[in-house]
Amino acid sequence: MDHIPQKDIAKDMKHLTPKADTTKCGFTMLELVIVIVVLGILAAMAIPRVERDTKQEAADHILSQIRYTQHLALNDHKHEFDSHLWQRRLWRIVFSSCADTGKFYMIGSDDDKTGSTNGFFAKSEAAIDPVTGKPIFWQNTAPCKEGGDGTVSEDIFLTHRFGITKVTNSCDVADDATHIGFDHLGRPFHGVAFTNSDAADYGGYAPNGCTFTFTLSNGETFQIRVEPETGYAHIVGQVSS
């Protein structure tokens, strides 16, 4: 076998090595216009989806708060059967209106059974938001300012956060506040029949359960149902909830 000089091999390899492509690439004006048009179409298609997500987010959030209220009732025994005011101590969630007509909710227990003009329990008796560590409480004589005054959970302001403008309850008579509470067995109680109770009875018990209807600023609605006896809460029409 003939010996090939190293310098000849190197010379041949140099010819085989591909040259770098120095040609510069870019977008033409037509291509940029097409991209912009496609992005616009995708954005237009996404807008209805965002609206549906807001509605779903509101429903999921409120459902979790109702379940949190029941959780507190099951874990914090509030019954004092030797007191005719025992129902007042039940953990409850209250949906009400601010001074500027915005909607909010709060969760608490009238632990000392003294009542209150502000949702029937005081700020010191309100539940604590496990995320922010702040009371789930507001005053119906104060406006629903953005985020409240910094001392309460910001999540409670339904109009500001989700655009909810109306809350009704199939259990309560028409008034400015609607309540649902739970006893130590998780059973539902409704309205002022238990929040203002002065009798040692079960006047506030909701034997038929309760359905809450929430209306958004765009006219859309969703419902959350609290079943009788078990107090099981779920979004109406969503089996998986």
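**Figure 1. Thr 101 in the loop between β1 and β2.** Thr 101 is found in the loop that lies between β1 and β2; helices (H or I, at least four residues) and strands (E, at least two) are DSSP runs, numbered from the N terminus. The model shown is predicted, so local features need pLDDT of at least 70 and side-chain atom pairs count only at pLDDT 80 or more, while totals for chains, interfaces and linings use all residues. Residues are numbered from 1 along each chain as its sequence is written, and side-chain values use heavy atoms, with hydrogens and water left out. The phi angle of Thr 101 is near 75°, a positive value in a residue other than glycine. With a relative accessibility of 60%, Thr 101 counts as exposed (buried means under 20% relative accessible area, exposed over 50%, and partly exposed in between, for a 1.4 Å probe and protein chains only).

**Figure 2. Glu 229 in the loop between β7 and β8.** Glu 229 is placed between β7 (221–226) and β8 (233–235). Its phi is near 65°, again a positive value in a residue other than glycine. Glu 229 is partly exposed, its relative accessible area being 45%.

**Figure 3. The salt bridge between Lys 78 and Asp 111.** A salt bridge is defined as a side-chain nitrogen of Lys or Arg within 4 Å of a carboxyl oxygen of Asp or Glu. The structure holds nine such salt bridges. In the pair formed by Lys 78 and Asp 111, the closest N and O atoms are 2.7 Å apart. Lys 78 lies in the loop between α2 (29–75) and β1 (91–97), and Asp 111 in the loop between β2 (103–108) and α3 (158–162), so the pair ties together parts that are 33 residues apart in sequence. Lys 78 is buried, with a relative accessible area of 10%, whereas Asp 111 is partly exposed at 32%.

**Figure 4. Arg 89 and its salt bridges with Glu 80 and Asp 111.** Arg 89 counts as buried at 8% relative accessibility. In its salt bridge with Glu 80, the closest N and O atoms are 3.6 Å apart; Glu 80 is partly exposed, with a relative accessible area of 28%. In the salt bridge of Arg 89 with Asp 111, the corresponding separation is 2.6 Å. Arg 89 lies in the loop between α2 and β1 and Asp 111 in the loop between β2 and α3, so this pair ties together parts that are 22 residues apart in sequence. Through shared partners, salt bridges join Asp 76, Lys 78, Glu 80, Arg 89, Asp 111 and Lys 113 into one network.
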